[in-house]
Amino acid sequence: MTKAMLAVRAHQDSRDLHLEEIPIPEPSHQDVLIKVASAGLAPGVFAMLEKGLLRHLPTTLGHEVAGTVEAFGNEVTSFTIGDRVRMHANLSCRECKHCLSDREQMCAQGAIIGFNGFGRGSMPLYEKYHDGGLAEYIVVPHWLVDKLPDNVSFDVAAKVHDVGSAMRALKCANLEPGSTIILTAATGAMGTSTLKLAEHFDISRIILVARSRERLEALQHLAKVPTEIVALDELEDDWVATKGLVRKLRSLAPQGVDAVVDFIPSGQDTWQTIEALGINGTLVHMGGNHAPLPIPVAVMMFNCWKVVGTRGNTRSDTDQVLEWLGDGRLSIDELITHKSQLSGVKEGVAALQSRAIPIWMSVVNP
């Protein structure tokens, strides 16, 4: 095996992506070296890079990884060379109250390999395993490596993280049978994943919210439950100030919806959708929206609304996704609309961020 590999790197005092040749990492006693076959592109880490929010630099980016086992440490006994695997990117201590109750992303050591660290203090695990998988190889602790069902491709396996996060958002909505939900930012990876999962939850109707009617119509077939469309581009020009989105949603659901699953990263769309909730409705937000809440807390109290913030997923979420992919209950192959090589990562990221063309999921094949 050669001693060097290509990797997409981020550096201190730079907002650019750097394709570099660096040494192939060597697995320590409890590690697995994965030869990357597919790595997902997700906009969140690139947004953090542009805002200067990454906690460890330099680093290799990329938290969505699938490939084959190339080597492993002398204490690893559960894998063989050539095994088809994916990386579960969530680092955590595995011992605290959060880790022991299916809430690993809340751990004080909580981090996502190839993405960022979220703990507030020292993070030795992230210091050791910060390098991600937009590269030809990656080293991962053995407990974060999952074997793949034979029918699951590397590209699909690389995007299990996104589907697991959509799974987490739906679980947080606490849906009852026959629920109507609003799904925002429906045309991205999280939105399309939610549509694919909807039939497995207590959902009878989905109101899709995004900018373009054309793009929303193109994905309606993904859901096996009835859908309706609200295209923001078709609302009045002053819809933000006049609450045009609220009126439109209320016309479709006069009694209010049971939940909003919100992946909007910015703007007032989030807070207009919350006003479309019915009594005891829940808004689940996983978009990272910094827009301030303009609704008095008393309104939330009187309506018994719940606002749930959540991020990422847990091992139980991705395990369930893998199980459903393996037994055929779930298929997401058609969600992967764009592929590139490491040499084309900058162009792939630019396309993902600009949204000039419809992209549901994008992967890189080193």
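Here is a short tour of a predicted model, stop by stop.

Before you click, some ground rules: residues are numbered from 1 along each chain as its sequence is written, and side-chain values use heavy atoms, with hydrogens and water left out. Local features need pLDDT of at least 70 and side-chain atom pairs count only at pLDDT 80 or more, while totals for chains, interfaces and linings use all residues.

**Stop 1: helix α4 against α5**

Select residues 160-172, which is α4, and 189-197, which is α5. Helices here are DSSP runs of H or I with at least four residues, strands are runs of E with at least two, and both are numbered from the N terminus. The two axes come within 8 Å and cross at roughly 65°; axes are lines fitted to C-alpha atoms, for helices over the stretch in contact, with angles from 0 to 180 degrees between N-to-C directions. That makes α4 roughly perpendicular to α5, a label that covers 65 to 115 degrees. The crossing is right-handed, meaning that the near helix is turned clockwise from the far one by less than a right angle.

Now show side chains. On α4, the contact (heavy atoms within 4.5 Å) uses Asp162, Val163, Ser165, Ala166, Met167 and Leu170, and on α5 it uses Ala189, Met190, Ser193, Thr194 and Leu197. By class, that is seven nonpolar, three polar and one charged. Nonpolar covers Ala, Val, Leu, Ile, Met, Phe, Trp, Tyr, Cys and Pro; charged covers Asp, Glu, Lys and Arg; the others, Gly among them, are polar.

**Stop 2: α4 against α11**

From α4, pick Val160, Val163, Gly164, Met167, Arg168 and Lys171; they meet Ser316, Asp317, Thr318, Gln320, Val321, Leu322, Trp324 and Leu325 of α11. The tally for this contact is seven nonpolar, four polar and three charged residues.

**Stop 3: α1 against α12**

Jump to α1 (43-50) and α12 (345-354). Their axes come within 10 Å and cross at roughly 95°, so α1 and α12 are roughly perpendicular to each other. Pro43, Phe46, Ala47 and Glu50 of α1 meet Val349, Leu352 and Gln353 of α12.

**Stop 4: two backbone spots**

In the loop between α1 and β4 (59-60), find Pro58. The peptide bond from Leu57 to Pro58 is cis, with omega near -5°. Then go to Arg94, in the loop between β7 (90-91) and β8 (111-112). Its phi is near 70°, a positive value in a residue other than glycine.

**Stop 5: the second largest pocket**

Finish by selecting Pro25, Lys128, Asp131, Ile138 and Val139, which lie nearest the centre of the second largest pocket, among its 17 lining residues. A pocket is an open set of points on a 1 Å grid over the protein atoms alone, where a 1.4 Å probe fits, with protein on both sides within 12 Å along at least five of seven lines; lining residues have an atom within 4 Å of a point. The volume is about 220 Å³, taken as the space filled by probe spheres set on the points, which are joined across faces, edges and corners. β10 gives the largest share of the lining, three residues. Colour the lining by class and you get nine nonpolar, three polar and five charged.

Conventions: Angles under 35 degrees count as roughly parallel, over 145 as roughly antiparallel, 65 to 115 as roughly perpendicular and the rest as oblique.
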